[in-house]
Amino acid sequence: MSDLFAALRAAPLLRDFSDVGVRILAAACEERVVGRGTFAFRGGDKSECLMFVARGTLQLQPRDGGAPLGEVSAGDTLGNLSLLAPGEHVLSALASSDVILAVLKRAAFENLRKQKPQASLKLLLALAKDFAERVRDAKGPLREFLAWQVGKRQTERA
């Protein structure tokens, strides 16, 4: 799949993008093939790119191994916050089929930011919206952690 446009066009993250905007992002991405049974990345590896799953399925596993926690497939994204704040992958992603990823590296994003600031801003806003929706929908320990963080910040300011 050398044309990444169709893969990015199908990504819910980019649903508000025009075709021109998607083409700009597709041109900035690199195609990466991950063979079945191979890790796209392991927990603890540096996370410095946004990845769109163009084809195939990746199982998400705890860093230390164990039962899969879920899976991502065509249209899904990984590393959503990596363009904003590089860090490390919390989980491992094992290809349960042959996988094609569209990878937007941090350096390519920085170039995009300088050359096509409107497209990069739109991507950042889409990432922020996606993150806000995930946090809003969070249940259990994550919601409790976020409430604790708010309380902790209020205490520190007092």
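How many bridges join E5 to E6, and do they run parallel or antiparallel? The two strands are joined by 4 bridges and run antiparallel. Here, strands pair if DSSP finds at least two bridges between them, and the elements themselves are DSSP runs numbered from the N terminus, with helices (H or I) of at least four residues and strands (E) of at least two. The model is a predicted one, in which local features need pLDDT of at least 70 and side-chain atom pairs count only at pLDDT 80 or more, while totals for chains, interfaces and linings use all residues. Residues are numbered from 1 along each chain as its sequence is written, and side-chain values use heavy atoms, with hydrogens and water left out.

Taken as a whole, the protein chain comes to 5 helices and 10 strands. Of its 158 residues, 37% are buried, where buried means under 20% relative accessible area, exposed means over 50%, and partly exposed is in between (1.4 Å probe, protein chains only). The chain exposes about 9,300 Å², and carbon and sulfur atoms supply 54% of that; accessible areas come from the Shrake-Rupley method with a 1.4 Å probe, and for residues only the protein chains shown count as cover. Contacts (heavy atoms within 4.5 Å) reach well along the sequence: among those between residues at least 6 apart, 72% join residues at least 24 apart.

Now to the strands. Strands of a sheet pair through backbone hydrogen bonds, either parallel or antiparallel. An open sheet is formed by 4 strands in the order E1-E10-E4-E7, with antiparallel pairing. Strand E1 (30–34) and strand E7 (77–78) stand at the edges with a single partner strand each, so one side of each has no neighbour in the sheet. E7 is joined to strand E4 (residues 49–55) by 2 bridges, and Thr77 in E7 is the bridge partner of Phe52.

What about the inside? In soluble globular proteins, nonpolar side chains tend to be buried together. A nonpolar core is taken as a set of buried Ala, Val, Leu, Ile, Met, Phe, Trp, Tyr and Cys residues joined through side-chain atoms within 4.5 Å. The largest such core has 22 residues, and Leu8, Leu104 and Leu123 have the most contacts inside it. At least two residues of this core come from each of H1, H2, E4, strand E10 (99–105), H3 and H4, and H2 gives the largest share, 4 residues. Leaving aside residues up to four places away in sequence, Leu104 touches Leu25, Ala28, Cys29, Cys49, Leu50, Leu83, Phe109 and Leu123. There is also a second, separate core of 15 residues, which includes Val34, Met51, Leu60 and Leu101.

Charged pairs come next. Side chains of opposite charge can pair when their charged atoms come close. With a salt bridge taken as a side-chain nitrogen of Lys or Arg within 4 Å of a carboxyl oxygen of Asp or Glu, the count comes to 6. One of them joins Lys129 and Asp16, at 3.7 Å from N to O. Lys129 sits in helix H4 (residues 117–136) and Asp16 in the loop between helix H1 (5–9) and helix H2 (19–28), so this pair ties together parts 113 residues apart in sequence. Lys129 is partly exposed, at 40% relative accessibility.

Another salt bridge brings Arg63 and Glu88 together at 2.5 Å, N to O. Arg63 lies in the loop between strand E5 (57–62) and strand E6 (70–73), and Glu88 in strand E8 (residues 87–88), 25 residues apart. Both are partly exposed, Arg63 at 41% relative accessibility and Glu88 with a relative accessible area of 44%. Arg113 and Glu110 also form a salt bridge, their closest N and O atoms being 2.8 Å apart. These two are 3 residues apart in helix H3 (residues 106–115), so about one helical turn separates them.

Finally, the surface has a nonpolar patch made of Leu81, Leu84 and Phe131, with about 270 Å² of accessible area together. Patches are made of residues with over 30% relative accessible area and no salt bridge, like charges being joined within 9 Å and nonpolar side chains (Val, Leu, Ile, Met, Phe, Trp, Tyr) within 5 Å. Leu84 is in the loop between E7 and E8 and is partly exposed, at 46% relative accessibility.
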